[in-house]
Amino acid sequence: MNTPQTIPAAATTEESLPPLPRINVHAFCDTPETLQVMQTAAADRRMSRTFTEIFSGGIPAAVQYYAQTPTPHLLVVESAKPREAMLNELAALAQVCSPETRVVVIGHINDISFYRLLMSQGVGDYLAAPVSVPQLLASFSALFRPEAEQLGKVATFMGAKGGVGASVIAHNVAWLMSEKHETGTVIADLDLAFGTAGLDFNVDPAQGILDALASRERLDSTFLDRLLHKCSERLMLLASPGSVDKVIDIQSETLEVVLDILRSTSPWTVVDMPTAWGDWMKAALVQTDTLVIVSTPELASLRNTKSLVDMLKAIRPNDEPPLLVLNQVEMGNRPEIPPAKFSSAVGLEVTAEIPFDAQTFGQAVTNGQMIAEVAPKSKAALELERLAARLLGIEEQQEKSGRSIFQPILEKLKRKS
Ligand SMILES: Nc1ncnc2c1ncn2[C@@H]1O[C@H](COP(=O)(O)OP(=O)(O)O)[C@@H](O)[C@H]1O
Ligand SMILES: [Mg+2]
């Protein structure tokens, strides 16, 4: 008879572990011992960027919780049950777990074949209890190693001309991502001379993007962390000076490094571009996952949108077309191009159509608040929410729900055992 082979202890070189990015981490522990180790791990400096919540109740509590709530970037679950009961629990978890969530399972079965089975089917890692803090940190960081996979996404907002609302829309979308959808987000305000992010959030950071762009040799994630201003729990701002005194020429290569770092440390980066065209903007466009063009239903905006679309086709030939937002619609007192006509003229669908609403937008700026706070039921708020959901791929995720990566095999295992 074969005695089961145990899982070899992984070599953990604690010192060299990089800090985890600004991700949401949830842990559902089944034993007080693991709960305590998890709490100690959560207090480690390498977890300090994360938003970690720890619960007891093991996998059943997790299943109940995620029936209502989306699963986080990293989910740690413990089960003290024997093999078959544990597989049943995992199968239930698979029903509610998004395919994007990386799952670390802690079990009380020290058997290499069990480990291999779970691993081969998309479980991020399997650890046999008792677990140690270095072991947990090593496991988490292996799953989110910056070089292993570019974690974050970059959405860049460009206005078809000055004053169309590109910045205010970028800020509101970033805020919705971070507050409503609880996703760590950084706003990079690249409008060095006239940036308004500080005003919109009613903050006045002493440092920001200018310090990053002027410090090419010192740029790393620790240095950049110090330049970020925390606007709310999950929203950080890399602010522009918003002053013509301090303008420098942006170096494409330095900007690329900044965006690389943001991408590896934050799930989302929202780039707010100035309107005046500069060569460095191409570097930012190359790093962008989703481009949002904000336009108004006027002739000049239409012409500029067309040239932006053509330019983007040339430099991003294999990407999805940009998202188009029509803003300040039905302003009154001016001839307007109807949205459907605008859409067919530029060859883009209109993703969001935001009415002109001087009252709401004016009040938001005055209060340093967001549209969803000032007028949550307004058409503008609903359209902004739609745009945020589209960027986060929420609709897609809902369609995908129930098709978790590790579901099929768990079903099979269950039948076998
Ligand atoms: N739909 C809207 N209704 C009323 N005012 C708006 C609307 N969208 C933007 N604004 C206002 O227009 C001004 C310019 O917006 P901003 O975002 O700075 O433009 P951009 O970044 O495109 O130059 C701001 O005062 C903003 O509050
Ligand atoms: Mg702007």
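Predicted model: local features only at pLDDT ≥ 70, side-chain atom pairs only at ≥ 80, totals over all residues.
User: Why does Ile 7 count as partly exposed?

Analyst: A residue is buried if 20 or more other C-beta atoms, placed from the backbone, lie within 10 Å of its own, exposed if 12 or fewer, and partly exposed in between. Ile 7 has 18 C-beta neighbours inside 10 Å, and therefore counts as partly exposed. Ile 7 sits in the segment before β1, where helices (H or I, at least four residues) and strands (E, at least two) are DSSP runs, numbered from the N terminus.

User: What does Ile 7 touch, not counting residues up to four places away in sequence?

Analyst: Two residues are in contact if their C-beta atoms, placed from the backbone, lie within 7 Å, and Ile 7 touches Asn 110, Ile 112, Tyr 115 and Ala 128.

User: Why does Val 244 count as exposed?

Analyst: Val 244 counts as exposed because it has 9 C-beta neighbours inside 10 Å. Val 244 belongs to the loop between β9 (235-238) and α10, and its C-alpha atom is separated by 44 Å from that of His 26, 218 residues apart along the chain.

User: Which residues of helix α5 are buried, and what covers them?

Analyst: In helix α5 (residues 133-143), the residues Gln 135, Leu 136, Ala 138, Ser 139 and Phe 140 are buried. Their cover includes α1 (32-42), β3, β4 (102-107) and β5.

User: What makes β2 and β5 edge strands?

Analyst: Two strands pair if DSSP finds at least two bridges between them. The open sheet of five strands has the order β2-β1-β3-β4-β5, with parallel pairing, and β2 (51-56) and β5 (125-128) are its edge strands, each pairing on one side only. The twist from one strand to the next averages 15°, where axes are lines fitted to C-alpha atoms, for helices over the stretch in contact, and angles run from 0 to 180 degrees between N-to-C directions.

User: How many bridges join β1 to β3?

Analyst: Strand β1 (residues 24-29) and strand β3 (residues 74-79) run parallel and are joined by four bridges, and one pair of bridge partners is His 26 with Leu 75 in β3.

User: What is the strand order of the open sheet of eight strands?

Analyst: That sheet has the order β8-β9-β7-β10-β6-β11-β12-β13, with mixed pairing, and its edge strands are β8 (229-232) and β13 (350-355), each of which pairs on one side only. Strand β6 (residues 153-159) is joined to β11 by five bridges, and the two run parallel, with Met 158 opposite Ile 293 in β11. Strand β6 also pairs with strand β10 (residues 268-272) in the parallel sense over five bridges, and here Val 154 stands opposite Thr 269 in β10.

User: What makes strand β11 mostly covered?

Analyst: Strand β11 (residues 290-295) has six residues, and five of them are buried. On another pairing, β11 and strand β12 (residues 323-329) are parallel and share four bridges, Ser 295 having Leu 326 in β12 as its bridge partner.

User: Which β-α-β unit contains β11, and what is its hand?

Analyst: A crossover is right-handed if, with the strands pointing away from the viewer, the path from the first strand over the helix to the second runs clockwise. The unit made by β11, helix α12 (residues 299-315) and β12 is right-handed.

User: Which residues come nearest to ligand 1?

Analyst: A residue is near a molecule or strand if its C-beta atom, placed from the backbone, lies within 6 Å of it. Of the 19 residues around ligand 1, those that come nearest are Gly 159, Gly 165, Ala 166, Ser 167 and Phe 361. At least two residues of the shell come from each of α6 (166-179), β12 and α14 (358-367).

Key: Residues numbered from 1 in each chain as written. Chains lettered and ligands numbered in written order.
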